[in-house]
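I set out to look up how one chain is built and how it meets its neighbour. My entries follow in the order in which I made them.

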Amino acid sequence: MRRAFLIIVVLVAVGAGWYGWTEYNRTAEDTADLDAAETLDPAALLQAFTADENAANARFNGKVLEVHGEVRAVNAPENGLVDVVLETGDPLAGVVCQFAQADLPNNVVAGAPVRIKGLCTGLLMDVVLQRCALVE
Amino acid sequence: MTKHLILAALFAAPLTLAAQERYATRTGHISFHSDTPMEKIEAHNHKSTSVLDASTGAVEFAVLMKGFEFDKALMQEHFNENYVESDKFPKAGFKGKFNGLTADDLKKAGTKEVTAEGEMSMHGVTKPVTIKGTFTMEPTGAVKASSTFTIKPEDYNITIPGMVRDNIAKEITIKVQMDYVKM
């Protein structure tokens, strides 16, 4: 009885340790594998932020969004990251999707239609989506 | 609407002399670093913005708190949920002025040490700060600004729980790197 109890205690301790270790070392999930909370076009996303930034922060920030639209520009890579700017109809502001350079195919060029998933972090000069992935 | 008016003022103003002295970036790199014997923590944000009016030295920086990326997801979650409360305070920023910086300085290749005086806002707290930095003007005309300084979390009402107090440095090192583009 005592032996069985000790085995259970050891198993629980090992399990807790393993869980703690894996949780501590957990990395961010690949955005491509996550479901989007909402799907919308870039102009609607920008409009939501410019109309009521607080409401848009509450609705979108920290969530994976899927945006469908046209590429306005692909900026030169910096620090291994590439920004894909989506057309919003507003020349002063866009929706900027930040990709790891290695994740961005060559066919994503200005004028191309794209579907992108990314983590919304809010509005500065543009609405920013990070850790982006193309939706096939 | 206000946002658009500000952006219009920044980017679509007539080509006056002042407008020609304006520099900006949408891809500034801000990182913070905490180094203790217990743990080394760092996070990076490559989407900070800054606008500099070289004719007056006025400068603004802004950064989205949810844009800081950590190696470990758990740290990122704790940072956003428990420390900076980024749902409640989504942005941090600095607004101030570079002392001794002139528009001509940015047109000559070389480096210039500067001091920025202004107010830093984070976690709902705004405090006056003085920050030293360096401008580097490259022969290509590129203008880069960098700075390294420290802040204390408690100065911005960021409470570190006692259980992890020894894991987080008393002073957090902030590194800023801006590659400005002339507007």
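Entry 1, burial. I counted a residue as buried if 20 or more other C-beta atoms lie within 10 Å of its own, with C-beta atoms placed from the backbone. By this count, buried residues account for 33% of the 136 residues in chain A. I note that the model is predicted.

I looked up the elements of chain A and found three helices and six strands. Along the sequence I read their order as α-β-α-α-β-β-β-β-β.

I compared chain A with a compact globule of 136 residues, for which the radius of gyration would be near 14 Å; chain A has 21 Å. Along the principal axes, I found that the C-alpha atoms of chain A fill a box of roughly 75 × 35 × 25 Å.

How many residues of chain B are in contact with chain A? I found 24 residues of chain B in contact with 24 residues of chain A. On the side of chain B that touches chain A, at least two residues each come from α1 (2-11), β1 (22-35), β2 (40-53), β3 (58-64) and α3 (73-83) of chain B. The largest share of that side, five residues, is supplied by α1(B). I then sorted the side of chain B that touches chain A by class and recorded nine nonpolar, seven polar and eight charged residues.

Note on methods:
Residues numbered from 1 in each chain as written. Chains lettered and ligands numbered in written order. Predicted model: local features only at pLDDT ≥ 70, side-chain atom pairs only at ≥ 80, totals over all residues. Contact = placed C-beta atoms within 7 Å. Helix = DSSP H or I, 4+ residues; strand = E, 2+ residues; numbered from the N terminus. Nonpolar A, V, L, I, M, F, W, Y, C, P; charged D, E, K, R; others polar. Rg over C-alpha atoms; globule rule 2.2 N^0.38 Å. Buried ≥ 20, exposed ≤ 12 C-beta atoms within 10 Å, placed from the backbone.
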